[in-house]
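The following paragraphs lead the reader through a single protein chain and its two ligands.

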Amino acid sequence: MTKLSKKVLVAGGAGFLGSHLCERLMNEGHSVVCVDNFSTGTAVNVEKFANHVDFKMLVHDVTEPLHAEVDEIYNLACPASPCQYQRDPVSTVRTNVIGAINLLELAKKSRCRILQASTSEVYGDPAVHPQPETYWGNVNPIGIRSCYDEGKRCAETLFFDYHRQFGVDIKVARIFNTYGPRMHQHDGRVVSNFVVRSLQNKDIRVYGDGSQTRSFCYVDDLVDGLFRLMHRPAELTGPINLGNPKEISIRQLAQRAIDLTGSRSKIVFHPLPQDDPLRRRPDITRARADLDWEPIVGLEDGLKRTIAYFEKQLAQDNSAVG
Ligand code: NAD
Ligand code: UDP
């Protein structure tokens, strides 16, 4: 008989995506063990269920082995914003590689399923557009983004080797740019930067000429995709792309943030960082077919919800200062 209520470990559960995943799992009636070292995540993200009997917070670095009795594992532990993962690149590689080994060992010992939050960055600066899962990518192995890109690629390798060598039950999701409430104000990624600076009427910094593209997925859609993947039969290991296929240039995104906030901000241009991918859009044919999934929240709606969140955050900051 299938156990209805499970004990689920979410590594990186106090981060942006992880906290939404914890919430979804709690709402589905599962108990959650949130493992996080609070390097980019915060206790505030999970404070609404902190005292719940079915929620346990474990402050732990995944580069150290961990012992727990759990039924399922999601591995989201890793800084995701370029400026965060480049701050201590060696630690980023360690988190991706040693963290993956430690969690895979736990899955092997507990004979439980484990899902890896991989990334569109495994495709690097893609020469194929849109990117299907069959594309092997175009990654600089020695650049400033490599600690993340190659770290995540190695983690995928480990997942598939643990699967082939030890029969570990794995799922691998390749997540494309996702945004929404609970991104950190100073996270450094484009949506939070543009929304926060628009709300503050500060200059919006577009890197390069802003013609580079991304495809932005709202967090609720993404979490639903992860949840569906976790519950598909064992043969469906992935990798599977999860993201919104609607592509937009960064310059257009800046204008959208200004328009939706009614801001007086101006757009200013700064140099494009090294190896910044020029185009990115997921091919989600597999996710549609295998998960019966596609995003339902459009960019305008998602941005409005994100703006409402940051308006509240900034108002709280102001009242704390005042
Ligand atoms: P985030 O930075 O908000 O969350 C990462 C969480 O992992 C944080 O809570 C952080 O404290 C924790 N963490 C980092 N290193 C750790 C360690 N060594 N031990 C324990 N905890 C650690 O980022 P996010 O956007 O929520 O991303 C979550 C996961 O999804 C990451 O693995 C990221 O690579 C992946 N992902 C996210 C996106 C996106 O657009 N949000 C896209 C692709 C992949
Ligand atoms: N970007 C920008 N201004 C910012 C932050 C980011 O122009 O304040 C650009 C960045 O150079 C990249 C895109 O927006 O081309 C997306 O950046 P982000 O850091 O969100 O994620 P990435 O997809 O590059 O990992």
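Helices (H or I, at least four residues) and strands (E, at least two) are here DSSP runs, numbered from the N terminus. The model is a predicted one, in which local features need pLDDT of at least 70 and side-chain atom pairs count only at pLDDT 80 or more, whereas totals for chains, interfaces and linings use all residues. Residues are numbered from 1 along each chain as its sequence is written, and chains are lettered from A and ligands numbered from 1 in the order in which they are written.

The secondary structure of the chain consists of nine helices and 13 strands. For 322 residues, a compact globule would have a radius of gyration near 20 Å, and the 19 Å of the chain agrees with this; the radius is taken over C-alpha atoms, and the globule rule is 2.2 Å times the number of residues to the power 0.38. The C-alpha trace spans about 60 × 45 × 40 Å along its principal axes. Of the 322 residues, 43% count as buried. A residue is called buried if 20 or more other C-beta atoms lie within 10 Å of its own, exposed if 12 or fewer do, and partly exposed in between, with C-beta atoms placed from the backbone. Among contacts with a separation of 6 or more, 80% join residues 24 or more positions apart; a contact requires that the C-beta atoms of two residues, placed from the backbone, lie within 7 Å.

An unreviewed UniProt entry places the feature "domain: NAD-dependent epimerase/dehydratase" at residues 8-242. UniProt positions follow the numbering used here, feature names are shortened, and annotations may be inferred rather than shown by experiment. Over residues 8-242 the chain is 34% helix and 20% strand, and the end C-alpha atoms are 21 Å apart.

The sheet comes next. Strands of a sheet pair through backbone hydrogen bonds, either parallel or antiparallel. Here seven strands form an open sheet with parallel pairing, in the order β3-β2-β1-β4-β5-β6-β11, where two strands are taken to pair if DSSP finds at least two bridges between them. Because β3 (55-59) and β11 (240-242) stand at the edges with a single partner strand each, one side of each is left without a neighbour in the sheet. From one strand to the next the twist averages 20°.

Helix α4 (residues 146-166) lies across β5 and β6 (170-175), at about 155° to β5. The axes are lines fitted to C-alpha atoms, for helices over the stretch in contact, and angles run from 0 to 180 degrees between N-to-C directions.

Which residues come nearest to ligand 1? Of the 27 residues around ligand 1, these are Gly12, Gly15, Leu17, Thr40 and Gly41, a residue being near a molecule or strand if its C-beta atom, placed from the backbone, lies within 6 Å of it. The elements giving two or more residues to this shell are α1 (16-27), α3 and β5, and α1 gives the most, with three residues. Ligand 2 is surrounded by 14 residues, the closest being Arg189, Val190, Asn193, Tyr207 and Gln212. Here α5 (190-199) and β8 (204-207) are the elements that give two or more residues; β8 gives the most, with three.

Helix α5 also holds Ser198, which is buried because 23 other C-beta atoms lie within 10 Å. Not counting residues up to four places away in sequence, Ser198 touches Ile204, Ala257, Ile258, Thr261, Ser263 and Ser265.

Some backbone geometry remains. Most residues other than glycine have a negative phi, and most peptide bonds are trans. Arg111, in the loop between α3 and β5, has a positive phi of about 50° although it is not a glycine; Arg111 counts as exposed because it has 10 C-beta neighbours inside 10 Å. Asn201, in the loop between α5 and β8, has a positive phi near 55° and is partly exposed, with 13 other C-beta atoms within 10 Å. The peptide bond from His129 to Pro130 is cis, with omega near -10°, and Pro130 lies in the loop between β5 and α4. The bond from Gly238 to Pro239 is cis as well, with omega near 5°, and Pro239 is in the loop between α6 (219-230) and β11.
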